[in-house]
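Subject: The model we talked about

Hi,

Here is the structure I promised to pass on.

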Amino acid sequence: MRVEITVNGSSRSDDVEPRLLLVHYLREVCGLRAANVGCDTTSCGACTVLLDGVSVKSCTVLAVQANGRSVTTAEGLSGVDGQLHPVQQAFRQEHGLQCGFCTPGMVMATVGFLAENPDPTEQEVREGLEGNLCRCTGYHNIVRAVLSAAGRLSAPGESPDAVAAPRELSAAGELSAAGELSAAGER
Ligand code: FES
Ligand code: FES
């Protein structure tokens with residue numbers, strides 16, 4: 001079946017099997033490897049991308065369902081000059097990653113989340129990203145990064161190189177609902 005999909009701003013036309021998942025289309029047909037497959041249970045969020053600006057787990061969407069629509073992956077976030085997106089800058093500055101396997105999905109989920117809630121509380125961040133699992137970081141720095149990115153994105157006059165200081169976090173430190181990784185979340 002032929003699909004017409006705009007991927008990271010470029011229009012594509014590809015023949016795909018009707019059963020092909022969007023994540024496999026991105027990785028195997030488009031050669032974009034940022035969206036990872038960390039489970040087969042729709043639970044890890046490593047495959048998160050934006051579909052028409054809304055974050056989705058691309059392992060739960062068929063490529064044919066993206067026909068006529070726009071998909072953005074982490075590769076498409078950077079500016080034309082290669083400058084990192086403010087959310088990517090925040091994750092780097094706040095050390096919101098370790099092995100990096102979950103990071104593209106975390107970043108894309110954050111972009112989608114902040115588009116809907118540009119000034120979230122810490123608790124809202126924890127709830128908003130509970131569909132994305134990380135086995136490395138303990139989530140503390142991820143939450144700091146999201147809050148930092150929110151501050152950065154709400155200050156349009158600020159230098160793109162600067163990332164706002166994150167607000168203070170509670171002593172809780174870890175995402176409650178997403179704090180436990182199943183074995184399915186491992187590579
Ligand atoms: S690979 Fe999509 S949720 Fe885990
Ligand atoms: S940084 Fe390793 S899984 Fe999140």
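What follows is a short tour, from the overall fold to the core and then to a few loop residues.

First, some housekeeping. Residues are numbered from 1 along each chain as its sequence is written, and chains are lettered from A and ligands numbered from 1 in the order in which they are written. This is a predicted model, in which local features need pLDDT of at least 70, side-chain atom pairs count only at pLDDT 80 or more, and totals for chains, interfaces and linings use all residues.

pLDDT is the predictor's confidence in each residue, on a scale from 0 to 100. The protein averages 87, and 83% of the residues score at least 70. Over residues 158–168, however, the pLDDT is below 50, and this stretch has 18 contacts in the model beyond near neighbours in sequence. Residues 171–187 also stay under 50, and there the model has 34 contacts beyond four places in sequence. A contact here means that the C-beta atoms of two residues, placed from the backbone, lie within 7 Å.

**The overall fold**

The protein has 5 helices and 5 strands. Both are DSSP runs numbered from the N terminus: helices are H or I with at least four residues, and strands are E with at least two. Along the sequence the order is β-β-α-β-β-β-α-α-α-α. Among contacts with a separation of 6 or more, 64% are between residues 24 or more positions apart.

Of the 187 residues, 46% count as buried. For burial, the C-beta atoms are placed from the backbone; a residue is buried if 20 or more other C-beta atoms lie within 10 Å of its own, exposed if 12 or fewer do, and partly exposed in between.

**The core**

A nonpolar core is a set of buried Ala, Val, Leu, Ile, Met, Phe, Trp, Tyr and Cys residues joined through C-beta atoms within 7 Å. The largest one has 52 residues, and Leu26, Val146 and Ala149 touch the most other members. The elements giving two or more residues to this core are β1 (2–7), α1, β3, α2 (86–93), α3 (103–116) and α5 (140–153). Its largest share, 8 residues, comes from α5. The core draws at least three residues from each of domain 1 (2–76) and domain 2 (86–176), with bounds that come from an automatic or database domain assignment.

α5 is worth a look in the viewer. This helix has 14 residues and reaches 20 Å from its first C-alpha to its last, close to the 20 Å expected at 1.5 Å a residue; the expected span is 1.5 Å times one less than the number of residues. α5 is mostly covered, with 12 of its 14 residues buried, including Val146 and Ala149. Its buried residues pack against α2, α3 and α4 (122–128).

In α1, the buried residues are Leu22, Val23, His24, Tyr25 and Leu26, and they pack against β3. Leaving aside neighbours within four places in sequence, Leu26 is in contact with Leu32, Ala35, Val49, Ser58 and Thr73. Just after α1, Gly31 takes a positive phi of about 75°.

β3 and β4 (residues 54–57) run antiparallel and are joined by 4 bridges; two strands pair if DSSP finds at least two bridges between them. The hairpin has 2 residues between the strands, and Asp52 takes a positive phi near 50°.

**Some loop residues**

Thr42 is in the loop between α1 (22–29) and β3 (48–51). Thr42 counts as exposed because it has 12 C-beta neighbours inside 10 Å. Beyond four places in sequence, Thr42 is in contact with Lys57, Cys59 and Thr60. The C-alpha atoms of Thr42 and Lys57 are 7.3 Å apart.

Ser43 is found in the loop between α1 and β3 too, and counts as partly exposed because it has 18 C-beta neighbours inside 10 Å. Its C-alpha is separated by 7.3 Å from that of Asn132, 89 residues apart along the chain.

Glu130 lies in the loop between α4 and α5. With 16 other C-beta atoms within 10 Å, Glu130 is partly exposed. The C-alpha atoms of Glu130 and Gly45 are separated by 9.1 Å, though 85 residues apart along the chain.
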